[in-house]
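Please open the structure in your viewer and keep the selection panel at hand. The tour below moves from the ligand to a pocket elsewhere on the list of stops.

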Amino acid sequence: MQPFYVTTPIFYVNDKPHLGTAYCTIMADVLKRYHQLFGEETLYLTGTDEHGQKVQQAAEKRGIPPLQHCDEMAENFRVTWAELDISNDIFFRTTSPVHAEVVQACLQKLFDRGEIYADTYEGWYSVSEEIFFTEKELVDGKSPSGKPVSKIQEKNYFFRMSKYQQALIDHIQAHPQFILPDFRKNEVLGFLRQPLGDLCISRPKARLSWGIEIPFDKDYVTYVWFDALLNYATAVGLEQPERSADFAKWWTNSGPLHLIGKDILTTHCVYWTTMLLALGLKLPRQIFATGWILNKDNAKMSKSEGEVVSPIAIRDLFGLDELRYFLTREIHLGNDAPFSVALVEGRVNSELANNLGNLLSRSTNLVEKFFGGRKPPLMDDDDASSALKKKTLELPALVKKEIESLRPSYALEHIVLVLTEANRYMEDKAPWKLAKTDLPAAGHVLATTLEVLRITGALLAPVMTKKIPQLQARLGVGASSWSDLQKWPFIKDGAAVAKGEPLFPRLTHSVK
Ligand code: ME8
């Protein structure tokens, strides 16, 4: 079985994490945990992007050395991700000494092979995006995304990106799943229809000192994107001979799924891929661009533009599982999505409180009332029970397929539909009435809904890391292995089943 390696962008440390950056991080976590449930070996990389002008300016503004600023900010990210139950295996910082060595080794290699050359550059530079633009690319005197630019002329080093244009187009066309969603792939192919220039990969120290020194010219530091993108490979052992087995396993034989925001599509799909081609390294397994979480004005929620929602404040308001569920379920991965208290509450109340929570409360209460809190045995299936059983047993394969296609919202939708059916089944069978005339038949209904809860619960565990273990404890089971999800029944007859407080109390903030 191929191991699963997932990455998030490494975040600039010019400010604290916010809901937009947490979104990508939570989605990568959900995907990793699903692949773990499928029985795969997994690796999850996230971290911080600590060089470049933005960070230098942020440190200057605070009047402290850049590394001290980075240490504090990286810690903010680390703590926030822990609070959101992010299970990253590596937290990578681009200021780590090994990374500087790897970046320098790659630069030297490319320079020695003539893939990097010196030239004098004249063009327009956007500080906030750290990208050069040609006159032609400007829109109304600003960068294509509307950021201010200033004119610059200087000697710099250039990577022969243009040389790899056709090889990149060929790779994208030969691997239809390489860039997703499809409309993003088309955007990249559209971009590649224009002649591709070479990439400026240096910055003179006179203008920017906070970066990795260019090994063949000490007056320059490395362009922050050239440094940052390499994190994905440094973290798994690139240019570290003692880690060659790691690198073979995670890079050469598997390859990363890069989950990124749509605003960094070009840097990943064009800069990074051509860098890898020039270095003779394998291209990533997949690059998937997510949309944006929008603020109340329907604009991108962004730390540099003020309107920021703290993921910790949101977690405190709704609960962590509720937040993770909302983000996974509400947003079709790849699309933009608005965020509001009312939207979270609508989802949570209809699908967690009323659907999943209701089925758990009813099932466990009735088992307590009529069977002394012990799981009753299954009897022969009638049509309704066997239909529900069949749907439930089909669910794991459906969920797996959706997750592998990077459609987690659809995976959850399948689960919700089965839970809705199970609630309908409970309503139709009315075991609270049936118990008075045919106790074993009522027991059968409850044993059936407990198995539905076990399987749907296990399939929701990658999303809801706190409450699903509680649900499993109430059903008298632990975490499931993938093969347990094909067993029916699995919960032992007579096992202790516990009723308890509602697992998902109804949320009412928006109506206050
Ligand atoms: O771009 N909704 O870092 P960054 C969804 N350091 N995603 C959002 C978002 C929002 N409102 N706001 C930001 C960088 N993001 C580089 C990456 S990778 C080698 C280097 C996403 O901190 C954004 O789209 O500015 C981007 O993918 C990520 O957060 C990091 O943003």
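Predicted model: local features only at pLDDT ≥ 70, side-chain atom pairs only at ≥ 80, totals over all residues.

Next select Gly 261, where a backbone N or O atom lies 2.8 Å from an oxygen atom of the ligand, and then Tyr 12, which has a polar backbone atom 3.0 Å from an oxygen atom of the ligand. With the ligand still selected, consider its surface: the protein covers 95% of the 670 Å² of accessible area that the ligand has on its own.

Now widen the selection to the shell of 24 residues that surround the ligand, of which the closest are Ile 10, Asp 49, Asp 263, Ile 293 and Met 301. Colouring this shell by residue class would show 13 nonpolar, seven polar and four charged residues. To see where the shell comes from, select strand E2 (11-12), helix H1 (19-37), helix H7 (224-229), helix H8 (231-234) and strand E13 (256-261), the elements that each give two or more residues to the shell. Helix H7 contributes the largest share, with three residues.

The next stop is the second largest pocket, which holds about 240 Å³ of space. Its lining has 13 residues, and those closest to the pocket's centre are Arg 33, Leu 37, Ala 461, Pro 462 and Ala 479. Coloured by class, the lining has eight nonpolar, four polar and one charged residues.

Methods. Residues numbered from 1 in each chain as written. Heavy atoms only, no water. Near = heavy atom within 4 Å. Polar contact = N/O pair within 3.5 Å; in protein donor to acceptor, adjacent residues only side chain to side chain. Areas by Shrake-Rupley, 256 points an atom, 1.4 Å probe, with all protein chains shown as cover. Helix = DSSP H or I, 4+ residues; strand = E, 2+ residues; numbered from the N terminus. Nonpolar A, V, L, I, M, F, W, Y, C, P; charged D, E, K, R; others polar. 1 Å grid on protein atoms, 1.4 Å probe; cavity = no way out; pocket = protein on both sides within 12 Å on 5 of 7 lines; lining within 4 Å. Points joined across faces, edges and corners; volume = space filled by probe spheres on them.
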